[in-house]
Amino acid sequence: MSDQPRRPRRPAKPYRRPQKDPVRVIAFEALRAVDERDAYANLVLPPLLRKAREGGGFDARDAALATELVYGTLRRQGTYDAVIAACVDRPLREVDPPVLDVLSLGAHQLLGTRIPTHAAVSASVELARVVLGDGRAKFVNAVLRKIAQDDLDGWLERVAPPYDEDPEDHLAVVHSHPRWVVSALWDSLGGGRAGIEDLLRADNERPEVTLVARPGRATTAELLDEEAAVPGRWSPYAVRLAEGGEPGAITAVAEGRAGVQDEGSQLVALALAAAPVEGRDRMWLDACAGPGGKAALLGALAAERGAVLLAAEKQPHRAALVAKALAGSPGPYQVVAADGTRPPWRPGSFDRVLVDVPCTGLGALRRRPEARWRRRPADLDGFAPLQRGLLRTALESVRVGGVVGYATCSPHLAETRAVVADLLKQFPDADLLDARPLLPGVPDLGDGPDVQLWPHVHGTDAMYLALIRRTG
Ligand SMILES: C[S@@+](CC[C@H](N)C(=O)[O-])C[C@H]1O[C@@H](n2cnc3c(N)ncnc32)[C@H](O)[C@@H]1O
């Protein structure tokens, strides 16, 4: 034994339990569910928030922050992946998905919110300690400290290819959309850089909640009494809730006399109802009605004219939602669970037909933050035959002189004009009507005769509508 005096040891840091922050833990759990189980953020988050509220100590501001963290992280995932990839020493696919989720949540707090840097890093490291363990929390700490060295603009300059070299890749990284989606949106929108950038930016913004006062059942005046409610921009039945609000707490919504409905969807139903038909106007069909938003508006409009609405939907559980949406409708209607491509009704039965076909939903990216990352170009091939089949039967279902409205909540040309053009070739006795005058007061509707709405221009989802009249 040496009798040399020992150097005094630094006292070990006392172990500190990680602090569990319910907002971040919930945000992490929601991201895991989206990642692991292909869950939808808008379905998975509300029960988590409800449970936290019931547990106490979790208020509306906590819920708003958790929501913002989840939606913001999912929307900006493409940008954050590029930044994180520049800060780790291995390909992102080799980073454990739960670790990547904590890093993305941290990146969003650092680059996409006003949360101060030290708070964003320490909250993320505490989260990592709780959900990943102390070892991996050190890795999270090191990566987030690198990210914190620059702001979003600085990072984008480093990680996005220059616009002049590769415009689509540049926009994909800067505005966090898959490259093929940028390309498809741009093909449909046309024009130069400014327009597509405005659209991609709009896709990353939280949409306002828009209500519809179903005619004959509620009035916009009643809805405008709500706090922060302002009139819609285009639809006479629309009211916007500027602060988001809780639509379920509004009496008219709870009673089904009003509903939550994007103004683009309202305009589609209104334009079909306003289209001139020759002669009888008594039988209306919604051939793809689930969950029933447009059917409820069409039902109310049909009632005002003494017409009957048949709402058809293939999936029985969605047909039940349509029945719920139409319950209390002031006029006659019927809901059937039926395949619109093999309909139980006779050809030529209807005066007006809406066929709002299943689609990629690339026009509603604002409300489905994870959708852009899930969709694949191959999905278009899956929808193509169904979209054509449904439009074909819609055209067979309308009588001569009647009108079909073909609608999608996607602006992808393969789902819009290509489908309509193919069917017009098969139906030489059918003509496109100019839909633009049927959306009075709505600007920038393009060259027609069909209509494409845009989030950055109209503040709506990117709904498409073609109106087709049978002439023989
Ligand atoms: C875009 S959604 C319609 C949205 C609806 N119009 C609304 O505003 O609430 C398309 C609907 O078509 C239904 N669908 C799919 N294939 C169908 C078919 N062959 N016949 C009838 N409906 C079908 C889907 O289940 C889905 O509910």
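At what angle do helix H6 and helix H7 pack, and how far apart are their axes? The angle is about 155°, and the axes lie 8 Å apart. This is a predicted model. The report below starts with that helix pair and moves on to other parts of the chain.

## Helices H6 and H7

Helix H6 covers residues 117–131, and helix H7 covers residues 134–147. Angles over 145 degrees count as roughly antiparallel. With an angle of about 155°, H6 is therefore roughly antiparallel to H7. The crossing of the two is right-handed.

Which residues make the contact? H6 brings Val121, Ser124, Val125, Ala128 and Arg129. H7 brings Asp134, Arg136, Ala137, Val140, Asn141, Leu144 and Arg145. By class, six of these contact residues are nonpolar, two are polar and four are charged.

## Helices H5 and H6

H6 also packs with helix H5, residues 97–112. Their axes come within 9 Å and cross at roughly 165°. That angle makes H5 roughly antiparallel to H6. The crossing of H5 and H6 is right-handed.

On the H5 side, the contact is made by Pro98, Val102, Leu105, Gly106, Gln109 and Leu110. On the H6 side, the partners are Thr117, Ala120, Val121, Ala123, Ser124, Leu127, Ala128 and Val131. This contact has ten nonpolar, four polar and no charged residues.

## Helices H1 and H2

Helix H1 takes in residues 22–37, and helix H2 takes in residues 41–55. Their axes come within 10 Å and cross at roughly 150°. So H1 is roughly antiparallel to H2. Their crossing is right-handed.

From H1, the contact uses Pro22, Ile26, Glu29, Ala30, Ala33 and Val34. From H2, it uses Ala41, Val44, Leu45, Leu48, Leu49 and Ala52. Eleven of the contact residues are nonpolar, none is polar and one is charged.

The loop between H1 and H2 holds aspartate 38. Its phi is near 55°, a positive value in a residue other than glycine. Most residues other than glycine have a negative phi.

## Domains

How is the protein chain divided into domains? The assignment gives domain 1 (22–152), domain 2 (165–203), domain 3 (209–260) and domain 4 (263–470).

Domain 3 and domain 4 have C-alpha centres 23 Å apart. Their contact draws on 14 residues from domain 3 and 20 residues from domain 4. The side of domain 3 that touches domain 4 has five nonpolar, six polar and three charged residues.

## Two cis peptide bonds

Most peptide bonds are trans. The bond from glycine 290 to proline 291 is cis, with omega near 5°. Proline 291 sits in the loop between strand E5 (283–286) and H15.

Where is proline 449 placed? It lies in the loop between strand E10 (430–433) and strand E11 (451–452).

Notes. Residues are numbered from 1 along each chain as its sequence is written. This is a predicted model: local features need pLDDT of at least 70, side-chain atom pairs count only at pLDDT 80 or more; totals for chains, interfaces and linings use all residues. Axes are lines fitted to C-alpha atoms, for helices over the stretch in contact, and angles run from 0 to 180 degrees between N-to-C directions. Helices (H or I, at least four residues) and strands (E, at least two) are DSSP runs, numbered from the N terminus. Angles under 35 degrees count as roughly parallel, over 145 as roughly antiparallel, 65 to 115 as roughly perpendicular and the rest as oblique. A crossing is left-handed if the near helix is turned anticlockwise from the far one by less than a right angle, and right-handed if clockwise. Two residues are in contact if their C-beta atoms, placed from the backbone, lie within 7 Å. Ala, Val, Leu, Ile, Met, Phe, Trp, Tyr, Cys and Pro count as nonpolar, Asp, Glu, Lys and Arg as charged, and the others, Gly among them, as polar. Domain bounds come from an automatic or database domain assignment.
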